[in-house]
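Please look over the sequence and the structure below, then read the notes by topic.

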Amino acid sequence: MTDLFDPLTLQSGHTLSNRLSKAAMEENLADVGQIPGEALFNLYLAWAKGGPGMILTGNVMIDPTAMTGPGGVVLEQGSLADDDARQRFERWAKIGKSGGAKLVMQISHPGRQVYASMGTEAVSASETKVTLDGPADNMFAQARALTPDEILGLIKRFADTAHQAERAGFDGVEIHAAHGYLIAQFLSPLTNKREDEWGGSLENRARFLLETIRAVRARVDPNFIVAVKLNSADFQRGGFDVGDAKQVVDWLGGEALDFVELSGGNYESAAMMGLAADGRAQSTKEREMFFLDFAKDIAAAATMPIMVTGGVTRKETAEMALGEGVDIIGIARAMAYNPSLPNDWKEGRKLSTHVASVNWKNKALLSLANMALAKEQLNRLGAGKPVKKKQRPLLATLAQQLRTLRQTGRYKAWLKDKELNGV
């Protein structure tokens, strides 16, 4: 049986020292100019010292007008021409790899999942809108359908960002095609109503993803890690489902991929937090590893290593998943509460981690609160402080909203200055 601390060699030639990966989280800790700074350096130093075999960054955006949040990092063609920005990205890469982990940048475009308060145009596969319960429904604007030329332009942006990440010293990139972001919007029949070559059949809906992988591979060295994050399902009736994911993974076997990370859900159905709209993820919530049941079926079609992320807080859960055929265990929120979790497990200490959560009735507010609790810990680690043992959900949520408000104003000013200067 594979052990959590057995190495794993990827097709690109990189070897992970163990099977534990710090999975991506929405950090929103960028400095002015949407570039990495001391907060991210401190945070990634804590994780690097913690002993994972791989560290996946939070979303790095390929387009400055398409952000998952106002504190996100942007990396695009030309970003590294600025000496300060280049040095910061290089420092981020060096720190992230300082403990021996492979550092992989998650690259993303949110599509229609852009907050209306950001003041930028939302785009998607088709003209649709994120729909939530109650007042939260006003958080997102109607999205415009992309033209075929715009789709090709975004594929190029993914490749540009991957190339810049390689230049900065990162070990690889993970193309985000899950959680309802743009590529997932093309994959899902609920959000892709197109009748051209980018819509209709699953083969057409998967074209954006496959062409993006090929464009990225064409721009980077063969020993650069390229991976994909894919939904096992959207967990919405009529959406992208397990059968679709199995077929897409089969197609991905024909591409030069190092691994596929399986997760699930989107802003309307937050299965990645155990809050699936159709209820299916609830059965696994109590035992953790939300998506394992679905991943086992999908993994049967895989020729590359499979990583599964979703709710792991206990060593026994991770060991169970390895026994079920998963190759890499993604751990997100638990590493916000214990950045030294891999080393602790290796040494037989702290074999479980308590992750604070709430049980509010409104699912949209519940999701915001749980994310705010995790972000409170990320902010503390970014400030060089220890994690907070006792948290207050309402205060954490309000503080996060105020922080987001300040960051939004800063982001808008930066974007306006960028446009005025023709950058």
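Which residue in E11 is the bridge partner of glutamate 174? The partner in E11 is alanine 227. This is a predicted model, in which local features need pLDDT of at least 70 and side-chain atom pairs count only at pLDDT 80 or more, while totals for chains, interfaces and linings use all residues. Residues are numbered from 1 along each chain as its sequence is written, and side-chain values use heavy atoms, with hydrogens and water left out.

**Overall chain**

- The protein chain has 14 helices and 14 strands; helices (H or I, at least four residues) and strands (E, at least two) are DSSP runs, numbered from the N terminus.
- The radius of gyration is 20 Å, close to the 22 Å that the globule rule gives for 423 residues, so the chain is as compact as a globular protein of that length. This radius is taken over C-alpha atoms, and the globule rule is 2.2 Å times the number of residues to the power 0.38.
- Along the principal axes, the C-alpha atoms fill a box of roughly 55 × 50 × 45 Å.
- Of the 423 residues in the protein chain, 60% are buried. Buried means under 20% relative accessible area, exposed over 50%, and partly exposed in between (1.4 Å probe, protein chains only).
- Among contacts (heavy atoms within 4.5 Å) with a separation of 6 or more, 70% are between residues 24 or more positions apart.

**Parallel strands**

- Strand E10 (residues 172–177) and strand E11 run parallel and are joined by 6 bridges. Two strands pair if DSSP finds at least two bridges between them.
- Strand E11 (residues 225–231) also pairs with E12 in the parallel sense, over 5 bridges.
- Alanine 227 stands opposite phenylalanine 259 in E12, and lysine 229 stands opposite glutamate 261 in E12.
- E11 is mostly covered, with 7 of its 7 residues buried. Ile225, Ala227, Lys229 and Asn231 point one way from E11, and Val226, Val228 and Leu230 point the other way.
- Strand E12 (residues 259–263) has 5 of its 5 residues buried, so the strand is largely enclosed by the rest of the structure. Phe259, Glu261 and Ser263 point one way from E12, whereas Val260 and Leu262 point the other way.

**Nonpolar cores**

- A nonpolar core is a set of buried Ala, Val, Leu, Ile, Met, Phe, Trp, Tyr and Cys residues joined through side-chain atoms within 4.5 Å.
- The largest core has 114 residues, and those with the most contacts inside it are Ile175, Leu209, Leu230, Leu252 and Ile329. Helix H3 (residues 148–168) gives the most to this core, with 8 residues.
- A second, separate core has 14 residues, including Met67, Met118, Val130 and Ala364.
- Not counting residues up to four places away in sequence, leucine 209 touches Ile175, Ala177, Ile183, Leu187, Val228, Leu230, Val248 and Leu252.

**Glutamine 113**

- Glutamine 113 lies in the loop between strand E7 (102–108) and strand E8 (123–124).
- With a relative accessible area of 1%, glutamine 113 is buried.
- The side chain of glutamine 113 reaches the backbone oxygen of glycine 180 at 3.4 Å.
- Apart from residues up to four places away in sequence, glutamine 113 touches residues including Met67, Val130, Phe140, His179 and Tyr267.

- Lysine 49 is found in helix H1 (residues 38–50) and counts as exposed, at 60% relative accessibility.
- The C-alpha atoms of lysine 49 and glycine 99 are separated by 5.4 Å, although the two are 50 residues apart along the chain.
- Helix H2 (residues 83–96) has 14 residues that should span 20 Å at 1.5 Å a residue, and its end C-alpha atoms are 20 Å apart, which agrees. The expected span is 1.5 Å times one less than the number of residues.
- In H2, the buried residues are Ala85, Phe89, Trp92, Ala93, Ile95 and Gly96. They pack against H1, strand E4 (54–56), strand E5 (60–61), strand E6 (73–74), E7 and H3.

Methods:
A polar contact is a pair of N or O atoms within 3.5 Å; within protein, one must be able to donate a hydrogen and the other to accept it, and residues adjacent in sequence count only if both atoms are side-chain atoms.
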